[in-house]
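I opened the model today to look up its fold and a handful of residues. My notes follow in the order I took them.

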Amino acid sequence: MTATPDFMQQALAQAAQALFSSNPNPRVGCVIVARDGHTILGAGHTQQAGGAHAEVMALRDAAARNHDVQGATAYVTLEPCAHQGRTGPCCDALVAAGIGRVVAALEDPNPLVAGQGFARLRAAGVAVEVGPGAAQARELNIGFFSRMVRKTPWVRMKAAASLDGTTALANGESQWITSPQARADGHAWRAQACAVLTGIGTVLQDNPRLDVRGLDTPRQPHVVVVDSRLQTPLDAKLFVPGRSCFIYTASDSAAKTAALQALGAVVIHLPNAHGKVDLTAMLRDLGQRGINELHVEAGYQLNGSLLREALVDELLLYLAPKLLGSGRGICHIGPLTALADGPELAFHSVTNVGPDIRVLARFAGRADF
């Protein structure tokens, strides 16, 4: 007996092809199946912002193959949009093409859609089913869901350490604790983020580029710097033409602000009561700027501040099979007086990457939105 193809899984595979490219739009895939229930007529995924969405790409693919989609079923990983943005409503495109049935993984959390796409499809006589592949589709777009529901990005903190938790020697040496394979994998996580965040301490000590290297990606993530006193050097490698750089500060220095802005940086003044950057307000501001996933690569002090304020959703940790003894740790959150005071995480995945181990661990309840 021939197994029935799982077309939603194929649509999810299409969506995964948008992992590095669709931000700030969700990663969506679509597969159009003929009325015989077996033949794929077209497939596609969401393009870069301003480009066609998954449904339109699948319809174009079917047309290029000279396939008639009348009465066909569209398997799509997120509710077809119902609003006019940089592209037209996808629900209307499906109706106009004669699609007879839509199977969607999830309702779109965007208030501009939020069930309206399904309603318009049903009103046009299109059968709608919702639910298959929901968990996978949401996971693929956890940053988009976070921004739509919580109004803040999904915050992922990345670190590389020895088995005893050392991220750098006492003299600051840290290159390289983990393997080339782990570093390449880390670049893939950078590539899928909307923005990479670091602190001024890392900028001054390492002068990093924080770009994606060794990976074919159509876009570079934005850069975000927490710089309370506006110490970012004007010759920092962060400043790359065509890439946005957001600098959050508590300083009101008009001269330094103007100098940084002349380099293309966006300087945002968000002080808290202690003369530091208001990190909670920063995340809200980044959400308003369309940041879905915020990838943190910072030092132990900023890491500690983010963790103490419970602003981190998950930890991406690469562990090398070596011991380094005393040195710098992942973060500074203590001293704690009781074991119960330490923030608890749950392992989401543990994966071998070359000789190292990649641990993805989530803080309790952070994905419950």
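Among contacts between residues at least 6 apart in sequence, what share joins residues at least 24 apart? I found 71% for the protein chain. Contact here means heavy atoms within 4.5 Å.

**Ground rules.** I am working with a predicted model, where local features need pLDDT of at least 70, side-chain atom pairs count only at pLDDT 80 or more, and totals for chains, interfaces and linings use all residues. Residues are numbered from 1 along each chain as its sequence is written, and side-chain values use heavy atoms, with hydrogens and water left out.

**Whole chain.** I counted eleven helices and 14 strands in the protein chain. Both are DSSP runs, numbered from the N terminus: helices are H or I with at least four residues, strands are E with at least two. The C-alpha trace spans about 65 × 50 × 40 Å along its principal axes.

I then checked the radius of gyration, taken over C-alpha atoms. The globule rule is 2.2 Å times the number of residues to the power 0.38. For 369 residues a compact globule would come out near 21 Å, and the chain has 23 Å, which agrees.

Buried residues make up 51% of the 369. Buried means under 20% relative accessible area, exposed over 50%, and partly exposed in between (1.4 Å probe, protein chains only). The chain exposes about 16,700 Å², and carbon and sulfur atoms supply 53% of that. These areas come from the Shrake-Rupley method with a 1.4 Å probe.

I also looked at charge. The mean positions of the 32 positive and 31 negative charges are 4 Å apart. Lys and Arg count as positive, Asp and Glu as negative; His and the chain ends are not counted. I placed each charge at NZ of Lys, CZ of Arg, CG of Asp or CD of Glu.

**Arg 156.** Is this arginine buried or exposed? Arg 156 counts as buried because its relative accessible area is 3%. I found Arg 156 in strand E6. Its side chain makes a polar contact of 3.0 Å with the side chain of Glu 293. A polar contact is a pair of N or O atoms within 3.5 Å; within protein, one must be able to donate a hydrogen and the other to accept it, and residues adjacent in sequence count only if both atoms are side-chain atoms. Leaving out residues up to four places away in sequence, Arg 156 touches several residues, including Trp 189, Gln 192, His 295 and Glu 314.

**Ser 179.** I moved on to the loop between strand E6 (154-162) and helix H7 (180-192), where Ser 179 sits. Ser 179 counts as buried because its relative accessibility is 9%. Which side chain does the Ser 179 side chain meet in a polar contact? The partner is Asp 356, at 2.6 Å. Beyond four places in sequence, Ser 179 touches Val 353, Pro 355 and Asp 356.

**Leu 286.** This leucine is in helix H10 (residues 279-288). Leu 286 has 0% relative accessibility, so I logged it as buried. Leu 286 and Lys 151 are 135 residues apart in sequence and 8.9 Å apart in space, C-alpha to C-alpha.

**Leu 311.** I located Leu 311 in the loop between helix H11 (300-308) and strand E12 (314-320). Leu 311 is buried because its relative accessibility is 9%. Setting aside neighbours within four places in sequence, its contacts include Val 155, Leu 283 and Arg 366.

Which peptide bond is cis, with omega near 5°? I noted the one from Asn 23 to Pro 24. Pro 24 is in the loop between helix H1 (7-16) and strand E1 (29-33).

Asn 66 has a positive phi, near 60°, in a residue other than glycine. Asn 66 is in the loop between helix H2 (54-64) and strand E3 (73-76), and at 72% relative accessibility it counts as exposed. Ala 114 also has a positive phi, about 40°, although it is not a glycine. At 37% relative accessibility, Ala 114 counts as partly exposed.

**Gln 47.** My last stop was the loop between strand E2 (40-45) and H2, the place of Gln 47. A polar atom of the Gln 47 side chain lies 2.8 Å from the backbone oxygen of His 45. Gln 47 is partly exposed, with a relative accessible area of 26%.
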